Amino acid sequence: ETSGLDVEFQVGFTTDSAGAVQLGLQLTRILDASYLAGSSYTPSLQNWTIANPFDSAKVNLDWTKGNFSGGIQGFYREDVQFLNRDDLESSTTFDVHFSWRAPWNASLSVGTTNVLNSHVEDSGKTDTGLKDPFESVSGRIPYVRYQQDL
């Protein structure tokens with residue numbers, strides 16, 4: 001259960017020679033949040049409740065021309081304090097991507113998440129198994145993705 005405010009703005013323009021450019025901004029303030037969850041990693045139910053409101057923001061710049069597109073995205077989240085578990089430190093990431101839409105209904109994308117390689121330092125504290133091991137990966141992650149539409 002989460003309550004808060006979320007505002008998103010987008011503006012764009014199109015030219016014949018340079019393609020289309022879109023700028024987006026999203027601002028979020030989480031006022032109150034409480035989560036009750038269980039997973040295969042932790043068989044018992046876990047209860048997460050934030051202690052104080054926190055903010056996050058996302059800005060992105062995307063470009064498209066014909067079958068090609070690309071963009072950059074920045075994300076920021078303030079420190080998150082919980083009533084009943086360790087706090088999360090603030091997080092800032094920048095991502096880049098470039099895609100080509102193939103004539104046979106496929107898409108080939110290359111990019112990098114977390115280009116600046118920002119990560120939260122491991123303080124050695126345990127989190128009582130609340131993290132999914134695949135989501136706890138941090139650092140710069142380059143990728144190549146092929147997607148075929150059927």
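User: Thanks! Let's start with Asn105: what does its relative accessibility make it count as?

Analyst: Asn105 counts as partly exposed because its relative accessibility is 45%. Buried means under 20% relative accessible area, exposed means over 50%, and partly exposed is in between, using a 1.4 Å probe and protein chains only. Keep in mind that this is a predicted model, where local features need pLDDT of at least 70, side-chain atom pairs count only at pLDDT 80 or more, and totals for chains, interfaces and linings use all residues. Residues are numbered from 1 along each chain as its sequence is written, and side-chain values use heavy atoms, with hydrogens and water left out.

User: Good to know. Where is Asn105 found?

Analyst: In the loop between strand 6 (91-102) and strand 7 (106-113). Strands here are DSSP runs of E with at least two residues, helices are runs of H or I with at least four, and numbering goes from the N terminus.

User: And what is the phi of Asn105 near?

Analyst: Phi is near 60° at Asn105, a positive value in a residue other than glycine. For background, most residues other than glycine have a negative phi.

User: Which other residue has a positive phi of about 60° although it is not a glycine?

Analyst: Asn114 does, with phi also given as about 60°. Asn114 sits in the loop between strand 7 and strand 8 (141-148). With a relative accessibility of 7%, Asn114 counts as buried.

User: Let me zoom out. How many helices and strands does the chain have?

Analyst: There are 0 helices and 8 strands, and the order from the N terminus on reads β-β-β-β-β-β-β-β. The chain has 150 residues, and buried ones make up 23% of them.

User: How many salt bridges does the structure hold?

Analyst: It holds 2, where a salt bridge is a side-chain nitrogen of Lys or Arg within 4 Å of a carboxyl oxygen of Asp or Glu. One of them pairs Arg29 with Asp55, and their closest N and O atoms are 3.0 Å apart. Arg29 lies in strand 2 (19-37) and Asp55 in strand 4, so this pair ties together parts that are 26 residues apart in sequence. Both residues are partly exposed, with Arg29 at 33% and Asp55 at 25% relative accessible area.

User: What about the salt bridge of Asp149 and Arg101?

Analyst: Their side chains meet at 2.6 Å, N to O. Asp149 is in the segment after strand 8 while Arg101 is in strand 6, so parts that are 48 residues apart in sequence are tied together. Asp149 is partly exposed at 34%, and Arg101 is partly exposed at 31%.

User: Switching to polar contacts: which side chain does Thr28 contact?

Analyst: The Thr28 side chain makes a polar contact with the side chain of Asp6 at 2.6 Å. A polar contact is a pair of N or O atoms within 3.5 Å; within protein, one must be able to donate a hydrogen and the other to accept it, and residues adjacent in sequence count only if both atoms are side-chain atoms. Thr28 belongs to strand 2 and counts as buried, with 15% relative accessibility.

User: Now the surface. Which residues form the nonpolar patch?

Analyst: Val7, Phe9, Val11, Leu23, Leu25, Leu27, Val59, Leu61, Ile72 and Val96, with about 800 Å² of accessible area together. Strand 1 (2-15), strand 2 and strand 4 (54-65) are the elements giving two or more residues to that patch. Val7, for instance, lies in strand 1 and counts as partly exposed at 37% relative accessibility.

User: How are patches put together?

Analyst: Patch residues have over 30% relative accessible area and no salt bridge; like charges are joined within 9 Å, and nonpolar side chains (Val, Leu, Ile, Met, Phe, Trp, Tyr) within 5 Å. Areas come from the Shrake-Rupley method with a 1.4 Å probe.

User: Which residues form the negative patch?

Analyst: Asp79, Asp86, Asp87 and Glu89 form it. Asp79 lies in the loop between strand 5 (68-77) and strand 6, and it is partly exposed, with a relative accessible area of 47%.

Terms used:
Lys and Arg count as positive and Asp and Glu as negative; His and the chain ends are not counted. The place of a charge is taken as NZ of Lys, CZ of Arg, CG of Asp or CD of Glu.
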